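Welcome! Please take a moment to look over the sequence and the model before reading on.

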Amino acid sequence: MNMIDLNCDMGESFGAYTIGNDAEILPYITSVNIACGFHAGDPGTMKRTVKLALENHVGVGAHPGLPDLAGFGRRNIDISPQDAYDMVVYQIGALNAFVKAEGGKIQHIKPHGALYNMAAKNTALSEAIAEAVYKVDPEMVLFGLSGGELVKAGKKLGLMTANEVFADRTYQDDGSLTPRSHEHALIHNKESAVNHVIGMIKNHTVQSLQGKVIPIQADTICIHGDGKNALEFAKYIHIALKEAGINIKRFTDF
C-alpha cells in the first residue's frame, strides 16, 4: 500500500502578528514543523503550537531557519557551515524545551525556507545541519528535499531521513524547486496540485517545469499553512489522497 506523511509549517505567528490557520489544519496532517524564533515564532507561540500538536497526536518537528524575521527566512544569507550548525542546535534546543515540558518528544527536524534550499544543494551546509541533528539526538528524523544533499548527508551519518516533496511547488530539471521569484513557482489550482502529488507517490516521478520527467521519492508532502486557502486545501488533499488509496500516516509509523 502507498503511504505518505503530510507535514505543515506552523507556529509562525509572533508578537502582534498572526500567521496561518494552525488549529484548524492540524486534524488533516500527520507531522508539524514548528518555527523556532529565528524566521518566525516566539516563545508563547512555540508553547501553544506544541500543545496543539500533541493534543492532535501529530509528529512534532523543529523548523529552524535563518535569522531573518523581516524576510520570513526566505532570503539567502551567506553563512558558514559552522554558523549553520550553531543555528540549528540552538533552535532545536529551544523547541525541545517546550516539547519536553509538555511531556512529548521531537520526531523530526526540517530546515526552513532559504536554509532548506541552500542545504539541498550545498554539501558542506547539509553536512553541518545533519551533524547538528545527530549530536542533539540521533533518533530524530531529518526531513529534506527529495534527492537533495541534506537527505544524503543525513543518511551518511546514519540518521533516519524523509524525502520531502511539495504539493504546491513546481520543479526544475535537476529536481530542485522552482525559485519563488519565478512566475510559475507555485501551483494554485488544487486539482492540479493533487494530481501532481499522486503522480509523485504512485509513479515515483515528477514533470519539471521544462517538461522533463524526473525520478523522485515521496515520503512526506509539505502543504503550506500560511496561504489564503490553506485550510481548504489541507482538507481537499487529505480526502483526495485517501480516495486514491493512499494511506496517510506520520512518518515514524510507516
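This is a predicted model: local features need pLDDT of at least 70, side-chain atom pairs count only at pLDDT 80 or more; totals for chains, interfaces and linings use all residues.

**Helix pairs**

Two packed helices are described by the angle between their axes and the distance between the axes.

| Helix pair | Axis angle | Axis distance |
|---|---|---|
| α3 (residues 81–101) and α5 | roughly 35 degrees | within 8 Å |
| α4 (residues 113–121) and α5 (residues 123–136) | about 115 degrees | 6 Å |
| α7 (residues 190–203) and α8 (residues 230–243) | roughly 45 degrees | within 10 Å |

Let's begin with α3 and α5, whose crossing is right-handed. On the α3 side, the contact is formed by P81, A84, Y85, V88, V89 and I92, while α5 brings A124, L125, A128, I129, E131, A132, V133, K135 and V136. Sorted by kind, the residues of this α3 and α5 contact are 13 nonpolar and two charged, with no polar ones.

Helix α5 also packs with α4, at an angle of about 115 degrees. That angle makes α4 roughly perpendicular to α5. Here α4 passes α5 in a left-handed crossing. From α4 come L115, M118, A119 and K121, and from α5 come T123, L125, S126 and I129. The residues in this contact of α4 with α5 are five nonpolar, two polar and one charged.

The crossing of α7 past α8 is right-handed. In α7, the residues K190, E191, A193, V194, V197, I198 and I201 take part, and they meet E232, F233, Y236, I237, A240 and L241 of α8. The contact of α7 with α8 counts ten nonpolar residues, three charged ones and no polar ones.

**Two cysteines**

How many disulfides does the structure hold? The number is zero. C8 is in no disulfide, and its nearest cysteine sulfur, that of C222, is 6.7 Å away. A disulfide needs the two sulfur atoms to be within 2.5 Å. Likewise, C222 is in no disulfide, with the sulfur of C8 as the nearest cysteine sulfur at 6.7 Å.

Are these cysteines buried or exposed? C8 has a relative accessible area of 0%, so C8 is buried. C222 counts as buried too, at 0% relative accessibility.

How values were computed. Residues are numbered from 1 along each chain as its sequence is written. Side-chain values use heavy atoms; hydrogens and water are left out. Axes are lines fitted to C-alpha atoms, for helices over the stretch in contact, and angles run from 0 to 180 degrees between N-to-C directions. Helices (H or I, at least four residues) and strands (E, at least two) are DSSP runs, numbered from the N terminus. A crossing is left-handed if the near helix is turned anticlockwise from the far one by less than a right angle, and right-handed if clockwise. Contact means heavy atoms within 4.5 Å. Ala, Val, Leu, Ile, Met, Phe, Trp, Tyr, Cys and Pro count as nonpolar, Asp, Glu, Lys and Arg as charged, and the others, Gly among them, as polar. Angles under 35 degrees count as roughly parallel, over 145 as roughly antiparallel, 65 to 115 as roughly perpendicular and the rest as oblique. Buried means under 20% relative accessible area, exposed over 50%, partly exposed in between (1.4 Å probe, protein chains only).
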